[in-house]
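Please open the structure in your viewer and keep the selection tool at hand.

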Amino acid sequence: MPQQRQAFQAPAGTRDVLAPDSARWEALVVAFGRQVERAGYGLILSPVFEETGVFVRGMGEGTDVVSKEMYEFRDKGDRHLALRPEGTASVVRAFVQHRPPVVWKAWYVTPAFRYERPQAGRYRQHHQLGVEALGTEDPDLDVEVVTLASRFFAELGLSRVELKVNSMGDANCRPAYIESLRAYLEEHQDELCDEHRERYAANPLRVLDCKDEACVRATANAPRLLESLCGPCAGHFGRVRSGLEALGVEYTIDHRLVRGFDYYTRTAFEFAALALEAAQNGIGGGGRYDGLVEALGGPPTPGIGFAIGIERLLQACDAEGAFPTPATTLDAFVVDLTGGAAARDITDELRTAGLRADRAFDRRSARAQLKAADRSGAELALIVGPDEAAAGTVTVHWLRAEREEERVPRHEVAKAVRDALERARS
Ligand code: HAM
């Protein structure tokens, strides 16, 4: 007996999504695309890998995702490349390269790669739905972008989603804030978690992002970003808040919200699914990045966007019983007892006519074919036996409803199937 070879598994932290679950993904992407296209966003397709510099310069050398989690490699031409850990830096690189007219609005669906410790809701390849809008500082654009995400969650049927917002300030006011935070942390150094007791000085903002109880407690009375904003940043944030309020988008201010990448300026926001465990309940987030286009070599151009994690979002839908997997049943399954040519021809005719049809292969028995028809979820079995073949007919048999079987002419089988389904559904 030949020995069976050991089978491979998907790499740690990655997952296969098979039908019927994949139908839910498909429906989610379609729903998102439809919604953001109504707001003028066009789909962008861009490479899943970039020169490493795009992410290093875009997201910041010191951020965890860039310094510890990036999938970097050298290709056969010795180019230093990285799999995208997120979409924003690539979309902005594409903007700088092609210079489309502003305001430029793009949406995407993409895998994202981060070498994280795999656990529930945290993967090494996850998937994002996102938008980026470039070319204006108008706070109404912030309101539009945040509202798009918020309305999308509502459209899916999620009701337990919390929107948290903050302002990160800008190059004018943030440096002074960081200094005051650093001074505060120095005073409270002994109260911080092990990691930040050592490392708070390098990037004090990260301490605000830390989920460790010790850091949360120690920073409860830390200086707040919102209280050190310069006039223009404070004015901008005020207009974002009043815009959200005018549109009835509920939010809370989160003084600890600082986001993980260096490119953020001014408005920052996150959506938490309250039905999920707090550690992994971030289903989406984003913000402004008014300096990113310049950092990647383009002209000064403000921008804002968000990304939603598809896996987390679907977990939140599961937890709330929202957005179920859509039914993808067939219209008809052809049961051919005459050798298979009739099944080949009829399925082709039905599909060409826009109907969903399948068949069995390998000249299976009548019993096996009917079982397959039943398992397929089809409404109808179209049976071609020797009698039907001789008479030029097809028997239409209802698999899921108590309805009379009928024989229809073979040459108009597609019309007969369509009529029968319409009668049954009306
Ligand atoms: P992010 O917060 O890093 O933002 O990721 C967006 C979403 O992706 C998160 O809210 C989460 O749902 C999901 N996510 C992130 N990492 C993982 C992971 N390891 N496993 C599963 N899901 C994950 C960004 O990526 C920014 N580019 C968002 C943005 C767009 N900012 C401006 N424009």
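How far is the sulfur of Cys193 from the closest cysteine sulfur, and in which residue does that sulfur lie? Select Cys193 and Cys215: the closest sulfur is that of Cys215, at 3.6 Å, which is too far for a bond. A disulfide here is a pair of cysteine sulfur atoms within 2.5 Å, and the count by this rule is zero. Next, select Cys230 and Cys173; Cys230 is in no disulfide, and its nearest cysteine sulfur, in Cys173, is 3.6 Å away. Cys193 is buried, at 8% relative accessible area, and Cys230 also counts as buried, at 17% (buried means under 20% relative accessible area, with a 1.4 Å probe and protein chains only).

The model is predicted: local features need pLDDT of at least 70 and side-chain atom pairs pLDDT 80 or more, while totals for chains, interfaces and linings use all residues. Residues are numbered from 1 along each chain as its sequence is written, and side-chain values use heavy atoms, without hydrogens and water.

Now select the ligand. Show the side chains of Arg114, Gln128 and Arg259 next. A polar side-chain atom lies 3.0 Å from a ligand oxygen atom in Arg114 and 2.9 Å from one in Arg259, and for Gln128 a side-chain N or O atom is 3.1 Å from a ligand oxygen atom.

Methods. Buried < 20%, exposed > 50% of the residue type's maximum accessible area, 1.4 Å probe, protein only. Polar contact = N/O pair within 3.5 Å; in protein donor to acceptor, adjacent residues only side chain to side chain.
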